[in-house]
Amino acid sequence: MIVGTWNVNHRAGKTRFRPEAADAVAAIGADILVITEFFPRNAEAVFREVVAAAGWCHQLASGDADGRANRVLIASRVPLEAIDPRAPAIDEHLPSNVIAARIPDADVLLIGLRVPWYRDAASRAKVWNWIETRASELSSQPSLLIGDFNVPRESLSVRRILDAGWTLADVRDATFFGHRGTTSTIDHIFATPDLRMTEARALTHAGPFDLAGSRTALSDHAVVTCSVTRKTPRQVSTQGP
């Protein structure tokens, strides 16, 4: 199956909602897409209907108690079962930025998230302590950790997840395009050792849609996708993580 993640740059309603982003989801073509920074205001129903009509009819969305935080939407071609992400209530933002599901057809667990952009080190440390703990807990079962982590692949935070036995989709191109021309790779797909990831890429275009990297793009984030397959028991035991 092809999995992916896309930060649609809604910024809790601070940017203009782009309804054509729903059609772009279909053009991306991933079997499962984790959509982060999702805040479509009163257009959520229409957005989700367009995506469902295109074939991504299995959808799960994180909640938002006060209606002011970014959320996460999973759009899937295959069935999903909602599970408790066990995200701590560090503040009003983190629970809304995390969602978890089981993919029954593949017997794989998936956590989709966007790490909020905290200015204070204490909040960042609390979030990453939780992420690292969950990564350690899930390392022995087929699992995916997907989304906008707001840290580059070279960061110590990413290294700690890899040290827990996970692998990282090999995307070297920029996934975030800042308004002053800065770029970075902060959207990631992690997998446990019994899953193989291939054909990882950062997409700035899909069909007729300009996804990222230009002034007219739908978002300031590219889409990250990869193909995920289960390894055989022999591959897991001989090749390691």
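A residue counts as buried when its relative accessible area is under 20%, and as partly exposed when the value lies between that limit and 50%. The exercises below apply this to a predicted model.

**Exercise 1.** Determine whether F149 and F190 are buried or exposed, and describe the ring pair that they form.

*Solution.* F190 has a relative accessibility of 0% and therefore counts as buried, and F149, likewise at 0%, is buried as well. Their rings form an edge-to-face aromatic pair, with 5.2 Å centre to centre and 80° between the planes. Because F149 lies in the loop between β8 and α4 whereas F190 belongs to strand β12, the pair ties together parts that are 41 residues apart in sequence.

**Exercise 2.** Classify the pair of F17 and F47, and locate its two members in the chain.

*Solution.* The pair is tilted, since its planes stand 55° apart and only angles over 60 degrees count as edge-to-face; the centres are 6.2 Å apart. F17 sits in the loop between β1 and α1, and F47 in helix α2, 30 residues away. F17 is partly exposed at 23%, whereas F47 is buried at 2%. Ring pairs also link F17 and F47 with F38 into a cluster.

**Exercise 3.** Work out how helix α1 is oriented relative to helix α2, and which residues make the contact.

*Solution.* The helices pack at an angle of about 25°, with axes 8 Å apart. That angle makes α1 roughly parallel to α2, because angles under 35 degrees count as such. The crossing is right-handed. On α1 the contact is made by A21, A22, D23 and V25, and on α2 by F47, V50 and V51; these residues divide into 6 nonpolar, no polar and 1 charged.

Notes:
Residues are numbered from 1 along each chain as its sequence is written. This is a predicted model: local features need pLDDT of at least 70, side-chain atom pairs count only at pLDDT 80 or more; totals for chains, interfaces and linings use all residues. Side-chain values use heavy atoms; hydrogens and water are left out. Axes are lines fitted to C-alpha atoms, for helices over the stretch in contact, and angles run from 0 to 180 degrees between N-to-C directions. Helices (H or I, at least four residues) and strands (E, at least two) are DSSP runs, numbered from the N terminus. Angles under 35 degrees count as roughly parallel, over 145 as roughly antiparallel, 65 to 115 as roughly perpendicular and the rest as oblique. A crossing is left-handed if the near helix is turned anticlockwise from the far one by less than a right angle, and right-handed if clockwise. Contact means heavy atoms within 4.5 Å. Ala, Val, Leu, Ile, Met, Phe, Trp, Tyr, Cys and Pro count as nonpolar, Asp, Glu, Lys and Arg as charged, and the others, Gly among them, as polar. Rings of Phe, Tyr and Trp (its six-membered ring) pair if their centres lie within 6.5 Å; planes under 30 degrees apart count as stacked, over 60 as edge-to-face and the rest as tilted. Buried means under 20% relative accessible area, exposed over 50%, partly exposed in between (1.4 Å probe, protein chains only).
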